[in-house]
Amino acid sequence: MYCPVPKVATKTLLTVMLYMHVRDISEHLENNWTNVDAARARLEQMINISAFIEDLRQNAITIPKTEEPKSLAAFLRIYLNILRFGSINGTPSSPPLNPWRLRFTFAFPYLRLRSLSNLSQIFSPSFTRAIFVRHPFERLASAYKERIATLARDRIQPEPEYDVMREMICRRRKLAREFRQPFQKSDGCNGTIPSFEEFIRYILVNTHKPAVIARMNYHWKPYSVLCQVCKFKYNFIGKYEMFNDHFAHFLKRFNLSDWNIQKPNGASGLTKWDYQKFYLTLPDELICPLIRLYDEDFRLFNYRVDDYINRTTLIQNCNRLKT
């Protein structure tokens, strides 16, 4: 079981999880589906190969007509190559494969937790419950940089929900300004990028209510909530800050030691200092609510607030208020 936390090398990790799943299907197929749930086997044997091939082509994966697989076994062999190398012949693809955009990622019942007939199965000794985490404030700044501060024209693929979100943040700013200065006309919101402070103000609205946090966008929802950390008691916890070491250990655990463990797919190239700078000018009034929002993430995974916000007295006061 793997809980994908956005902004924590999720594309890389999800690709590996998908690879392991397809590899299992392929092995089950070769063994005539022995020891496999009958309902699961029927669903997986009925996959629409043509639809998935077309989906791959739409995601820049080249599959010549002459090499189209005619059987499920041949299709799975090709798909394993695509997941591992980004192409059917081992040549890296450009842009890199994005598993979130592949229909295949969501096609099989065992990729979705709700498909399990008995949830208690995942607590058996045979299950690895894996999660990879990252400093909450670095993850938040990364989400802002790549989802809010990057306009549609600069994206490889469209993400209209974030264009809408930018406009909502902008309109809130305009309304506040017009309330203070009723005769001053504001500029339009199309194509404007909110500041990090405006973004933080937007996501903090009503976060004292658990129901609001539960509906929060998964790119900045606390992973203690997103992944139900206390409920599932993860027995493999990797950290983004030590990704290569922890990922290598994970691959070895599942007999994938020869997988490429270089730079995660989609890594931004920003440094820790690049992310720390986002917090330098945040007003004090936002710090305590922000710490409160990610409090469980900090405590459960031993992260320190002052790695990104160096205001000792303020942080102490926040902790007293929390207590």
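Predicted model: local features only at pLDDT ≥ 70, side-chain atom pairs only at ≥ 80, totals over all residues.
**Notes on the core and the disulfides**

1. Helix 13 spans residues 284-293 and is mostly covered, with seven of its ten residues buried. Those seven are Leu286, Ile287, Cys288, Pro289, Leu290, Ile291 and Leu293.

2. Cys288 is worth a look. Its partner in a disulfide is Cys318, with 1.9 Å between the sulfur atoms. Cys288 sits in helix 13 and Cys318 in helix 15 (residues 312-322), so this pair ties together parts 30 residues apart in sequence. The link is left-handed, at -90° about the S-S bond. Both ends are buried: Cys288 has a relative accessible area of 16%, and Cys318 comes in at 5%.

3. There are two disulfides in the structure, and Cys3 with Cys227 make up one of them, again with sulfur atoms 1.9 Å apart. This pair links distant parts of the chain, 224 residues apart: Cys3 is in the segment before helix 1, while Cys227 is in the loop between helix 9 (223-226) and helix 10 (229-232). The angle about the S-S bond is -80°, which is left-handed. Cys3 is buried at 10% relative accessible area, and Cys227 is buried at 2%.

4. Now the largest nonpolar core, which has 88 residues. Phe75, Phe137, Phe199, Ile200, Trp220 and Tyr279 have the most contacts inside it. Helix 1 (residues 10-30) gives the most to this core, nine residues.

5. What does Tyr279 touch, leaving aside neighbours within four places in sequence? Its contacts include Phe137, Leu140, Phe196 and Tyr308, along with Glu138 and Arg311. Leu290 is also among them, and Leu290 is one of the buried residues of helix 13.

Technical notes:
Residues numbered from 1 in each chain as written. Heavy atoms only, no water. Core = buried A, V, L, I, M, F, W, Y, C linked by side-chain atoms within 4.5 Å. Buried < 20%, exposed > 50% of the residue type's maximum accessible area, 1.4 Å probe, protein only. Helix = DSSP H or I, 4+ residues; strand = E, 2+ residues; numbered from the N terminus. Contact = heavy atoms within 4.5 Å. Disulfide = S-S within 2.5 Å.
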